[in-house]
Amino acid sequence: MARPPERTADAGHDAPAPPVVDAQVQLGSQLAIPRAFLEYQADNAHHRMNAYGHPVRRGRMLDRVLSVHQDDDADRLVAEMDEAGVDQAFLVIPDYSHVARCALTQAELARHVDKVSRRHEGRFKVFWGVDPRGGQDGIDLFERCVTEYGFAGLKLYPLCGYSPSDRRLYPYFEICRLHGLPVLSHTGPGWGQLEFEYGAPLLLDAAARDFPQVNFILGHGGVTHVEEATYMCAHRPNTYLDISQFHSVLAADGWQAHLNRLFRLGISHKILFGTCWPSYRLSESLPGLVGAFAKGRPAVAGLKESDRRMIMGGNSLRLVAGASKVATEHVTTDNATVMDRGGRA
């Protein structure tokens, strides 16, 4: 997608705008998300609307939720990215197979996501979901996703019932180390019968310590458990956080003020812009969410332009640079990319 030029104050001439990267989007499809999870989401929305005096039938709410999860090939998602000016996104595919009935097996889903990625060439970096209970079959599938499909990262959803530092995950982290891939681990709450206690950021600390050459991203770390997530980012060189779901943050003065405080903590080189789109398609628009981070808007007020650009895409591109380099240059283990860790960790 061609991006409009922007004025660069230092050069005084038009230059291409830096890429915008959404560090967490989902495939809005029942092929990737179990129906049971969508039913729980509809129940939660139904309860909220009725509590605020806006009665709506549960069946109608479920129909609305299901209607935004019919985008099997991501055509609608890419159209929304185009409209919002998002150049690339991390397409995260959690492994729900141990907690819910899924439409496809993991191998079938991997093949489908590969087709989606090739259909929209250059728009997605796929983060493939695994579960430590997957055994050797899961490890073999992940390696195939990396070497044959070119997937660019690992996705963990610990609320399914495991610690993100579970030793059974270490073979996956070793593959990530060999190929220069980052690991994105969900933090905070989730849906249904999931185990929220596994959403604490500090549970990832042992893995980050034991694999210093692997970069770990705390999904939603700028929104929930923020104190834990930010001090991990400040003190673990290989730990980052994203701000996906930022518009639903529980802050008395609103998400803009909350994020502005976050951006002033001195860890802008560790923060990734993200939305978790299309989870909130019924109440928000992707162009509106992205536009809220334009230069001078309240969320980024007072922020240096170089920091804003890092958050909106630069940091994300650095994290997947290792995967791109491995794919194009076939570098060996000894040459695996370690991301910039200068200054404060």
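Student: What volume does the largest pocket have?

Tutor: This is a predicted model, where local features need pLDDT of at least 70, side-chain atom pairs count only at pLDDT 80 or more, and totals for chains, interfaces and linings use all residues. Residues are numbered from 1 along each chain as its sequence is written, and side-chain values use heavy atoms, without hydrogens and water. A pocket is an open set of points on a 1 Å grid over the protein atoms alone, where a 1.4 Å probe fits, with protein on both sides within 12 Å along at least five of seven lines. The space filled by probe spheres set on the points gives the volume, and for the largest pocket that is about 1300 Å³.

Student: Which element gives the largest share of the lining of the largest pocket?

Tutor: Lining residues have an atom within 4 Å of a point. Here there are 42, with Gln-41, Asn-44, Trp-191, Ser-248 and Tyr-280 nearest the centre. Two elements give two or more residues: α2 (58–67) and α1 (35–51). The largest share is eight residues, from α1.

Student: Are α5 and α6 roughly parallel or roughly antiparallel to each other?

Tutor: Helices are DSSP runs (H or I, at least four residues), numbered from the N terminus. The axes of α5 (residues 135–147) and α6 (residues 170–179) come within 10 Å and cross at roughly 15°. Angles under 35 degrees count as roughly parallel, so α5 and α6 are roughly parallel.

Methods:
Axes fitted to C-alpha atoms, helices over the stretch in contact; angles between N-to-C directions. Parallel < 35°, antiparallel > 145°, perpendicular 65-115°, else oblique.
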